[in-house]
Amino acid sequence: MSLANFKKLLGYLGDRLCNKTIELEVEANDKKLKVKASSREELTAAIEQAQKFVAGN
């Protein structure tokens, strides 16, 4: 799945799963990142964090 499609999916989920926790787990370069989001703002921050993680920043 491309990053753009992944963002669309998370946006879709964020709109429909109000007040529910979404867990995101990303694996890159033999490391794992796991974040939780309970709001659209937290989901946006989690996506940004995952992008930085994958980019190695």
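These notebook entries record what I looked up in one protein structure.

**Entry 1: model and confidence.** I noted at the outset that the model is predicted. The mean pLDDT of the protein is 80, and I found that 89% of its residues reach 70 or more.

**Entry 2: overall fold.** I counted 2 helices and 2 strands. Along the sequence they follow the pattern α-β-β-α. For contacts with a separation of 6 or more, I recorded that 33% join residues 24 or more positions apart.

**Entry 3: surface.** Of the 57 residues in the protein, 25% are buried. The protein exposes about 4400 Å², and I noted that carbon and sulfur atoms supply 49% of this area.

**Entry 4: Ser-38.** I next turned to a single residue. Ser-38 lies in the loop between E2 and helix H2 (40-55). Is Ser-38 buried, exposed or partly exposed? Its relative accessible area is 36%, so I classed Ser-38 as partly exposed, since that class lies between under 20% (buried) and over 50% (exposed).

**Entry 5: neighbours of Ser-38.** Which residues does Ser-38 touch, leaving aside those up to four places away in sequence? I found Asn-19, Lys-20 and Thr-21. Lys-20 is 18 residues from Ser-38 in sequence, yet their C-alpha atoms are 5.7 Å apart in space. With Thr-21, I recorded a polar contact between the two side chains, at 3.3 Å.

Technical notes:
Residues numbered from 1 in each chain as written. Heavy atoms only, no water. Helix = DSSP H or I, 4+ residues; strand = E, 2+ residues; numbered from the N terminus. Buried < 20%, exposed > 50% of the residue type's maximum accessible area, 1.4 Å probe, protein only. Contact = heavy atoms within 4.5 Å. Areas by Shrake-Rupley, 256 points an atom, 1.4 Å probe, with all protein chains shown as cover. pLDDT = per-residue confidence, 0-100. Polar contact = N/O pair within 3.5 Å; in protein donor to acceptor, adjacent residues only side chain to side chain.
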